[in-house]
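Subject: Structure handover and notes

Hello,

Please find the structure below, handed over for your own work. My notes come after it.

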Amino acid sequence: MEQRDQPIGVFDSGLGGISVLRACVSLLPRENFLFFGDSANAPYGEKSLEQVRQLTMAAVDRLLAQHVKAVVIACNTATSAAIGLLRQAHPNLPIIGIEPAVKPAAQAQGSSSVIVMATPLTIREDKYQKLAATFCHEADVISLPCKGLAEMVESGIFSGPALDTYLQELLLPFRYCNVDYIVLGCTHYPFVRQAIARNFGRPVSIIDGSDGTARQLRRQLELTGLLTTRTGPGTVIFQNSRSDKLSMSQMLFQMAY
């Protein structure tokens, strides 16, 4: 098989990265994709930096053993912790990460305050801190660590009283602030987008980085001459470090949110 017709590997700490996978498939429908979710070790956002780095490097090695032509790190925490090391280790491999969509939110016309919902580790990491600092003069960037939220999504909680109570307690202090955007800084969070909007209690724009990551993937494939030559639709294969998560992977891929 020609390199350009090999699959694209997409990796997440669990199931959340399927939100990024969907954006990539939508933009590049002729490509083959191989998604690996490391649900056995989820969530990454509450582990140590070294643990996340080791797990991410191992996941990428697994994808490379299956001859992927590019890798998408569809996890904000793994991107923050390990993408620099990955690019050093694999200088000839297109590696695309994801970061919270702070820039478009902060630069939106009339934007005054932006809440960034993310895992504790993502918010602690220098990569995110530098991103937030870059745009703090354009809007008030409020960093909101959401301990346990990715784990709720990973366990299949997309609605219900427990989620509503969690979100109400988390968001209540900001309900009456002049917040224009909520940025979803974890790829698990788009699956509870509707619950976040409902429990914020008033209209607010909610965005994530999935589409930007998909566009960057296409740019990198174009630059390296790796866009597929196929003319028909591609395939999507799901793998997970927990076999019982495979059916949920397919369900989330089809889920409307």
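This is a predicted model: local features need pLDDT of at least 70, side-chain atom pairs count only at pLDDT 80 or more; totals for chains, interfaces and linings use all residues.

Strand 1 and strand 2 run parallel and are joined by 5 bridges. Within that pairing, Val10 has Phe35 of strand 2 as its bridge partner.

Strand 2 is largely enclosed by the rest of the structure, because 5 of its 5 residues are buried. Both of its faces are covered: Phe33, Phe35 and Gly37 are buried on one side, and Leu34 and Phe36 are buried on the other.

Another open sheet has 4 strands, in the order 6-5-7-8, and its pairing is parallel. Here strand 6 (140-145) and strand 8 (205-208) are at the edges with a single partner strand each, so one side of each is left without a neighbour in the sheet. From one strand to the next in this sheet, the twist averages 25 degrees. Strand 7 (residues 179-184) is joined to strand 8 by 4 bridges, and the two run parallel. Val183 is placed opposite Ile207 of strand 8.

Aromatic residues

The model has 4 aromatic pairs. In one of them, the ring centres of Phe11 and Phe36 are 6.2 Å apart and the planes are at 20 degrees; planes under 30 degrees apart count as stacked, so this pair is stacked. Phe11 belongs to strand 1 (residues 8-12) and Phe36 to strand 2, so the pair ties together parts that are 25 residues apart in sequence. Phe11 and Phe36 are both buried.

Phe11 also pairs with Tyr44: the ring centres are 6.1 Å apart and the planes are at 50 degrees, so this pair is tilted. Tyr44 sits in the loop between strand 2 and helix 2, whereas Phe11 lies in strand 1, so the parts tied together here are 33 residues apart in sequence. The relative accessible area of Phe11 is 0%, and Tyr44 is likewise buried at 0% relative accessibility. Phe11, Phe36 and Tyr44 form one aromatic cluster.

Nonpolar cores

The largest nonpolar core contains 54 residues, and Met117 and Leu217 have the most contacts inside it. Helix 1 (residues 18-27) gives the most to this core, namely 6 residues. With neighbours within four places in sequence left aside, Leu217 is in contact with Ile8, Cys24, Leu28, Phe33, Ala70, Val72 and Ile96.

Another core, of 20 residues, lies apart from the largest one; Leu34, Tyr44, Leu63 and Ala81 are among its members. Leu63 is part of helix 2 (residues 49-64) and is buried, with a relative accessible area of 0%. Leu63 and Phe11 are 52 residues apart in sequence, while their C-alpha atoms are 8.4 Å apart in space. Leaving aside neighbours within four places in sequence, the contacts of Leu63 are Gly9, Val10, Phe11, Leu34, Phe36, Val68 and Val71. Of these, Phe11 and Phe36 also belong to the aromatic cluster described above.

A buried glutamate

Where is Glu31 placed? Glu31 is in the loop between helix 1 and strand 2 (33-37). Its relative accessibility is 3%; buried means under 20%, so Glu31 counts as buried.

Two polar contacts of the Glu31 side chain are listed here. One joins the side chain of Glu31 to the side chain of Lys69 at 2.7 Å. The other runs from the side chain of Glu31 to the backbone nitrogen of Thr228, at 2.9 Å. Apart from neighbours within four places in sequence, Glu31 is in contact with residues including Arg4, Ile8, Lys69, Leu221, Leu226 and Leu227. Thr228, Arg230, Gly234 and Thr235 are also among the contacts of Glu31.

Regards

How values were computed: Residues are numbered from 1 along each chain as its sequence is written. Side-chain values use heavy atoms; hydrogens and water are left out. Two strands pair if DSSP finds at least two bridges between them. Axes are lines fitted to C-alpha atoms, for helices over the stretch in contact, and angles run from 0 to 180 degrees between N-to-C directions. A nonpolar core is a set of buried Ala, Val, Leu, Ile, Met, Phe, Trp, Tyr and Cys residues joined through side-chain atoms within 4.5 Å. Buried means under 20% relative accessible area, exposed over 50%, partly exposed in between (1.4 Å probe, protein chains only). Contact means heavy atoms within 4.5 Å. A polar contact is a pair of N or O atoms within 3.5 Å; within protein, one must be able to donate a hydrogen and the other to accept it, and residues adjacent in sequence count only if both atoms are side-chain atoms. Rings of Phe, Tyr and Trp (its six-membered ring) pair if their centres lie within 6.5 Å; planes under 30 degrees apart count as stacked, over 60 as edge-to-face and the rest as tilted.
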